[in-house]
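Visitor: Hi! Could you walk me through this one?
Guide: Happy to, let's bring it up.

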Amino acid sequence: MALPFRKDLEKYKDLDEDELLGNLSEVELKQLETVLDDLDPENALLPAGFRQKNQTSKSATGPFDREHLLSYLEKEALEHKDREDYVPYTGEKK
């Protein structure tokens with residue numbers, strides 16, 4: 001049994017995808033990328049880096065210094081006051 005829509009698809013069989021993509025403008029490529037990202041974001045066969053789109057469009061703010069970052073986080077953690085427990089811990093087991 002031949003499917004009726006299959007006849008319509010035959011005309012697209014010999015298209016050159018590289019030529020089609022080469023003729024798209026930058027805006028059209030971004031739009032196509034957005035549409036493709038929305039198709040199947042939970043495809044388990046894709047690596048995690050390909051499953052979500054790149055949302056970092058701003059430029060770098062400076063060089064990455066790991067030691068400086070760790071010292072800053074440690075300093076912030078020491079300055080931040082811990083919250084009080086609503087029910088104080090007594091060590092009693094039930």
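Here is a short chat about the chain shown above.

Visitor: What am I looking at, experiment or prediction?
Guide: This is a predicted model.

Visitor: OK. How many helices and strands are there in the chain?
Guide: The chain has 5 helices and 0 strands. Read from the N terminus, the order of elements is α-α-α-α-α.

Visitor: And what share of the residues counts as buried?
Guide: 0% of the 94 residues count as buried. The chain exposes about 10200 Å², and carbon and sulfur atoms supply 55% of that area.

Visitor: Let's pick a helix. How does the span of H5 compare with what its 14 residues should give?
Guide: Helix H5 covers residues 66-79. At 1.5 Å a residue it should span 20 Å, and its end C-alpha atoms are 20 Å apart, so the two agree.

Visitor: How many buried residues does H5 have?
Guide: The count is 0 among its 14 residues, so H5 is hardly covered.

Visitor: Switching to charges: how many salt bridges does a search of the whole structure find?
Guide: There are 2. In one of them, Arg66 pairs with Glu67, with the closest N and O atoms 4.0 Å apart. In the other, Lys81 pairs with Glu84, and there the closest N and O atoms are 3.9 Å apart.

Visitor: Why would such side chains pair at all?
Guide: Side chains of opposite charge can pair when their charged atoms come close.

Visitor: Are Arg66 and Glu67 buried or exposed?
Guide: Arg66 counts as exposed because its relative accessibility is 52%, and the cut-off for exposed is over 50%. Glu67 is exposed as well, with a relative accessible area of 54%.

Visitor: What about Lys81 and Glu84, buried or exposed?
Guide: Lys81 counts as exposed at 64% relative accessibility. Glu84 is exposed too, at 58% relative accessible area.

Visitor: Which residues form the negative surface patch?
Guide: That patch is made by Asp16, Glu17, Asp18 and Glu19. Asp18 lies in helix H2, which runs over residues 17-22. Asp18 is exposed, with a relative accessible area of 63%.

Visitor: Now the nonpolar side. Which residues form the nonpolar patch on the surface?
Guide: Leu21, Leu24, Leu29, Leu32 and Leu36 form it. Together they have about 380 Å² of accessible area.

Visitor: Which helix supplies the largest share of that nonpolar patch?
Guide: Helix H3, residues 26-39, with 3 residues of the patch. Leu29 is found in H3.

Visitor: Why does Leu29 count as partly exposed?
Guide: Because its relative accessible area is 33%, and partly exposed lies between the 20% limit for buried and the 50% limit for exposed.

Visitor: Great, thanks!
Guide: You're welcome!

Conventions. Residues are numbered from 1 along each chain as its sequence is written. This is a predicted model: local features need pLDDT of at least 70, side-chain atom pairs count only at pLDDT 80 or more; totals for chains, interfaces and linings use all residues. Side-chain values use heavy atoms; hydrogens and water are left out. Patches are made of residues with over 30% relative accessible area and no salt bridge: like charges are joined within 9 Å, nonpolar side chains (Val, Leu, Ile, Met, Phe, Trp, Tyr) within 5 Å. Accessible areas come from the Shrake-Rupley method with a 1.4 Å probe; for residues, only the protein chains shown count as cover. A salt bridge is a side-chain nitrogen of Lys or Arg within 4 Å of a carboxyl oxygen of Asp or Glu. Helices (H or I, at least four residues) and strands (E, at least two) are DSSP runs, numbered from the N terminus. Buried means under 20% relative accessible area, exposed over 50%, partly exposed in between (1.4 Å probe, protein chains only). Lys and Arg count as positive and Asp and Glu as negative; His and the chain ends are not counted. The place of a charge is taken as NZ of Lys, CZ of Arg, CG of Asp or CD of Glu. The expected span of a helix is 1.5 Å times one less than its number of residues.
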